[in-house]
Amino acid sequence: MEWFERRVESTVREFRMFSKDDRILVAVSGGKDSLALWQALVRLGYNADGFHINLGIGEYSEISEMVCRSFSTRIGRPLHVINLAEEIASIPELKQKEKRPACSLCGTLKRYYMNRKAKELGYKVIATGHNLDDESAVLFSNVMGWDLDYLRRQYPVLDEEGGFVRKVKPLCKMTEKENALYAFLSGMEYVEDECPFAEGATSISYKKLLAQLEEESPGTKLRFYLEFLRKVRPLLVEEENKSLGVCRVCGEPSSSEVCAVCRLKERVSL
Ligand code: Q46
Ligand code: ZN
């Protein structure tokens, strides 16, 4: 556990994610990664509170919220909860109305409300529990399509910019296994079931491939990810300078006149 926490701390320092004076909002789903992150940050003396979005996905969401609430009590830090059904509509409802994959809607909405609430509540930084397995799988898939915009944005720190709160991934060097072990050793209760919509995620096949490579040659994942950060990403950043506007309706950052969530809201309220 000490090793884990030291490694989280050194990652935070290496990428200059935040300091002990910053107010940090940790996005928690109820799964082991995000709860491990929250606990590690608190134990390291960071000023970190939790934020949970109830997605309205039946029993899965009910249990997730409960787990987050009891974890918040356990570590003695406040948890902010919002309910998607109250803000706009639940994920299953939106999927029905929009005929779009649940995860793409869910991703947009999580990003939006996380950012919005962080600002409303006065937090300077949003921390998420993305791990090395997640990051290397996403990198793999972006490399397969040579998606330069996505590649450029793939960094464990996204600075505050044009209405976006700073976003960080302090577990980017930890594997899922390490997070699970930390959670286990802490005697933590977390949600083991996956979201019922998780099945079709394309990143799963990349995770499998990477796991196979890792098995044959340990360290592959970490090398793949860190060498990208060190050697390739700086080249991509150099020639980038895209400016974002703000949504005419809600004032959140958006590349179009009315942001995706406000357009969605308009459609579902018809
Ligand atoms: S919660 Fe949301 Fe995930 Fe469920 S609907 Fe898809 S994106 S799988 S991290
Ligand atoms: Zn908007």
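Glu9 is buried, because its relative accessible area is 16%, and buried here means under 20% relative accessible area, exposed over 50% and partly exposed in between, with a 1.4 Å probe and protein chains only. This is a predicted model, in which local features need pLDDT of at least 70, side-chain atom pairs count only at pLDDT 80 or more, and totals for chains, interfaces and linings use all residues. Residues are numbered from 1 along each chain as its sequence is written, chains are lettered from A and ligands numbered from 1 in the order in which they are written, and side-chain values use heavy atoms, with hydrogens and water left out.

**Helix 1**

Helices (H or I, at least four residues) and strands (E, at least two) are DSSP runs, numbered from the N terminus. Helix 1 covers residues 2-14, which makes 13 residues, and spans 18 Å from its first C-alpha to its last, close to the 18 Å expected at 1.5 Å a residue. That expected span is 1.5 Å times one less than the number of residues.

Which residues of helix 1 are buried? They are Phe4, Glu5, Val8, Glu9, Thr11 and Val12. Because they cover an arc of only 160° around the axis, they lie on the same side of helix 1; the arc is that of the directions from the helix axis to the C-beta atoms. Turned away from this buried side is a face with the exposed residues Glu2, Arg6 and Arg13.

What do the buried residues of helix 1 pack against? Their partners are helix 2 (32-43) and helix 9 (176-185), where contact means heavy atoms within 4.5 Å. Just after helix 1, Arg16 has a positive phi of about 45°.

The contacts leave out residues up to four places away in sequence.

| Residue | Helix | Relative accessibility | Contacts |
|---|---|---|---|
| Glu65 | helix 3 (residues 58-75) | 14% | His52, Asn54 and Val81 |
| Trp38 | helix 2 | 0% | including Val26, Ala48, Cys68, Phe71 and Leu79 |

Glu65 and Leu55 are 10 residues apart along the chain, and their C-alpha atoms are separated by 9.4 Å. For Trp38 and Pro196, 158 residues apart along the chain, the C-alpha separation is 24 Å.

**The sheet**

Now for the strands. Strands of a sheet pair through backbone hydrogen bonds, either parallel or antiparallel. Here, 6 strands form an open sheet in the order 3-2-1-4-6-5, with mixed pairing; two strands pair if DSSP finds at least two bridges between them. Strand 3 (79-83) and strand 5 (157-158) are the edge strands, each pairing on one side only. Strand 1 (residues 23-27) and strand 4 (residues 125-127) run parallel and are joined by 3 bridges. Leu25 has Ile126 in strand 4 as its bridge partner.

Helix 6 (residues 102-121) packs on the sheet, touching strand 1, strand 2 (47-54), strand 3, strand 4 and strand 6 (166-168). The direction of helix 6 makes about 135° with that of strand 2. Axes are lines fitted to C-alpha atoms, for helices over the stretch in contact, and angles run from 0 to 180 degrees between N-to-C directions.

**A pair of helices**

How do helix 5 and helix 12 pack? Helix 5 (residues 91-98) and helix 12 (residues 260-268) meet at an angle of about 80°, with their axes 11 Å apart. They are therefore roughly perpendicular to each other: angles of 65 to 115 degrees count as roughly perpendicular, under 35 as roughly parallel, over 145 as roughly antiparallel and the rest as oblique. Leu94, Lys97 and Glu98 in helix 5 meet Leu264, Arg267 and Val268 in helix 12.
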